[in-house]
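Trainee: Hi! I have a new structure to look at. Could you walk me through it?
Mentor: Happy to, let's open it up.

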Amino acid sequence: MIEKKEPSIWQGFKAFLMRGNVVDLAVAVVIGAAFTNIVNSVVKGLINPLVGAIGTKNLDSYSSCLKDPCTLNADGSVKSGIPIMWGSVLGATLSFVITAAVVYFLMVLPMAKYLARLEARRKAREGTHEVVEVTELEVLKEIRDALVAQRVAGQNGGGTGQGGAPGQDWR
């Protein structure tokens, strides 16, 4: 009886690393890290000033007090009361939406359009090959039928007498 050898841990690890989704995930992390500076710049330079026109430029300062009196120490820790820091949640949410928009409009959408064009070109090439193959097949059938008709005509005394329909073999 032949024993089936289990793959080693190293082989399993190599197989895991070579999967496409692991590489895609690594690329996504690197791209995400590269876009962090862009998104932070947009939030600090564009969104915060727009919000600042209404209130303050720093969204972290927006809060409500659940239990009065709300006082904070100089380092931001709670001294008394229960503050709800909804400004920081709003800032994080805006940062996420901006990140998603930048990734979608600058990466996902152009890549999807590019891949759709490649797929359309590939399908057009396949369609052209099919038309060429069908056309060649039809030409070969016509040549075969003409040769059979010539053979039949030659067997019947040069075309006089009984003729055969193309494609019939009178042997």
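Trainee: Is R122 buried, partly exposed or exposed?
Mentor: R122 counts as partly exposed, at 32% relative accessibility. Buried means under 20% relative accessible area, exposed over 50%, and partly exposed in between (1.4 Å probe, protein chains only). Keep in mind that this is a predicted model, where local features need pLDDT of at least 70, side-chain atom pairs count only at pLDDT 80 or more, and totals for chains, interfaces and linings use all residues. Residues are numbered from 1 along each chain as its sequence is written, and side-chain values use heavy atoms, with hydrogens and water left out.

Trainee: Which residue forms a salt bridge with R122, with the closest N and O atoms 2.4 Å apart?
Mentor: That is E126. A salt bridge puts a side-chain nitrogen of Lys or Arg within 4 Å of a carboxyl oxygen of Asp or Glu. R122 also meets E119 in a salt bridge, at 2.2 Å from N to O.

Trainee: Where do E119 and R122 lie?
Mentor: Both are in helix α3 (residues 86-155), three residues apart, about one turn of the helix. Helices are DSSP runs of H or I with at least four residues, strands are runs of E with at least two, and the numbering starts at the N terminus.

Trainee: How many salt bridges does the structure hold?
Mentor: Three. One of them joins D145 and R144, with the closest N and O atoms 3.0 Å apart. Shared partners link E119, R122 and E126 into one network.

Trainee: New topic: in what order do the elements run?
Mentor: From the N terminus on, the order is α-α-β-β-α.
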